[in-house]
Amino acid sequence: MGNVNPLGNNVKYSFKYDPNYLYAIPRQIVTRIPMYGLDIWNIYELSWLNNKGKPKIAIARIEIPADSINIIESKSIKLYLNSLNNSRFESVAEVKSILNKDISNALQCPIFIKIITPKNFHRLYIENISKDAICIDDIDVKIDTYEPSPELLKLSYNTEEKIVSETIISRMFRSRCPVTGQPDWANIKIKYTGMKISHSSILKYIISYRNHLGFHEHCIDKIFIDISKSCKPNYLSIYGNFTRRGGIDINPWRTSIIKEALPPGNCRAERQ
């Protein structure tokens, strides 16, 4: 679908439903390290017309397997969703079916879609991401690296515990769109079991992405791979909550367990 990447280009909005807006990008990272999970998209500006021409609104949650052949370029999905705004559909179920078909075709894999109607908006909540986690942002560190540097990651040997289980968060992540150069901001949650990782080294590593050009999904893939290779945890989970653009936030989640008990809940981090 879609022959031209709309990101960084002027594209006219369509008043007619058009799935050809969707532009697929191949996933870049191939690794032998076991890595599973989802890309979770929350779409807050979904709208269409009912069969009488009255506008309807909803929020959609889309779960894309982390091993899909493609990802969807974010501007293209915004253009695609806007093309639904003046199109008539009989029901929420029909809208869900159309989204499922078009996005699955672009990705070349099955996806999961949930559409949340206004009567259930109150069920969505803002999560306190620092609850039951260690925030590392106040650690006093000297920073001089602003491109991803896995050599910054170090184990901590100042502990009597050989194996630890902990959850670490940082709100300091920033990368840049690889096409426009605009900043992308995120909270990063790291859960692991293994030899204790130096918290200051994780903070330095997260901040090292500050000038990096990379799509959300590829950044989280790289973080997962780098920590796996450098620190060799027995278990690892990385969850990135990126701030929204154009009514969409993207939340890549990677785990070393093929069937994690539960994927992250449908909630928002504080800055989303």
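## Cysteines and disulfides

Let's start with the cysteines. Taking a disulfide as a pair of cysteine sulfur atoms within 2.5 Å, the count comes to zero disulfides. Cysteine 219, for one, is in no disulfide, and the nearest cysteine sulfur, that of cysteine 177, is 10 Å away. Cysteine 219 is buried, with a relative accessible area of 1%, and cysteine 109 counts as buried at 13%. Here buried means under 20% relative accessible area, exposed means over 50%, and partly exposed lies in between (1.4 Å probe, protein chains only).

A word on the model: it is predicted, so local features need pLDDT of at least 70 and side-chain atom pairs count only at pLDDT 80 or more, while totals for chains, interfaces and linings use all residues. Residues are numbered from 1 along each chain as its sequence is written, and side-chain values use heavy atoms, with hydrogens and water left out.

## Two nonpolar cores

In soluble globular proteins, nonpolar side chains tend to be buried together. A nonpolar core is a set of buried Ala, Val, Leu, Ile, Met, Phe, Trp, Tyr and Cys residues joined through side-chain atoms within 4.5 Å. The largest one has 29 residues, and Leu46, Ile77, Tyr80, Leu81 and Leu99 touch the most other members. Two or more residues come from each of strand 2 (36-49), strand 3 (55-65), helix 1 (74-82), helix 2 (92-107), strand 5 (112-116) and strand 10 (248-255). Helix 2 gives the most, with six residues. These elements are DSSP runs numbered from the N terminus: helices are H or I with at least four residues, strands E with at least two.

Leucine 46 has contacts (heavy atoms within 4.5 Å) with Lys56, Ile57, Ala58, Ala60, Leu81, Leu84, Leu99 and Ile115, not counting residues up to four places away in sequence. A second, separate core of 27 residues includes Ile136, Ile207, Ile238 and Phe242.

## Two pockets

On a 1 Å grid over the protein atoms alone, a pocket is an open set of points where a 1.4 Å probe fits, with protein on both sides within 12 Å along at least five of seven lines; lining residues have an atom within 4 Å of a point. Grid points are joined across faces, edges and corners, and a volume is the space filled by probe spheres set on the points. The largest pocket holds about 370 Å³ of space. Among its 21 lining residues, Glu127, Lys189, Lys191, Tyr239 and Pro264 lie nearest the centre. Strand 9 supplies the largest share of this lining, five residues.

About 270 Å³ of space lies in the second largest pocket. Of the 21 residues lining the second largest pocket, Glu73, Ser74, His216, Arg245 and Ile250 are the closest to its centre. Strand 4 (70-72), helix 1, helix 4 (216-231) and strand 10 each supply at least two lining residues.

## Arginine 271

Arginine 271 is found in the segment after strand 10 and is partly exposed, with a relative accessible area of 37%. Its C-alpha atom is separated by 9.3 Å from that of arginine 171, 100 residues apart along the chain. Arginine 271 touches Arg171, Trp185, Ala186, Asn187 and Thr243, leaving aside residues up to four places away in sequence.

## Two positive phi values

Most residues other than glycine have a negative phi. Glutamine 108, in the loop between helix 2 and strand 5, has a positive phi near 65° and counts as exposed at 54% relative accessibility. Aspartate 132 has a positive phi of about 60°. Aspartate 132 lies in the loop between strand 5 and strand 6 (134-135) and is exposed, with a relative accessible area of 69%.
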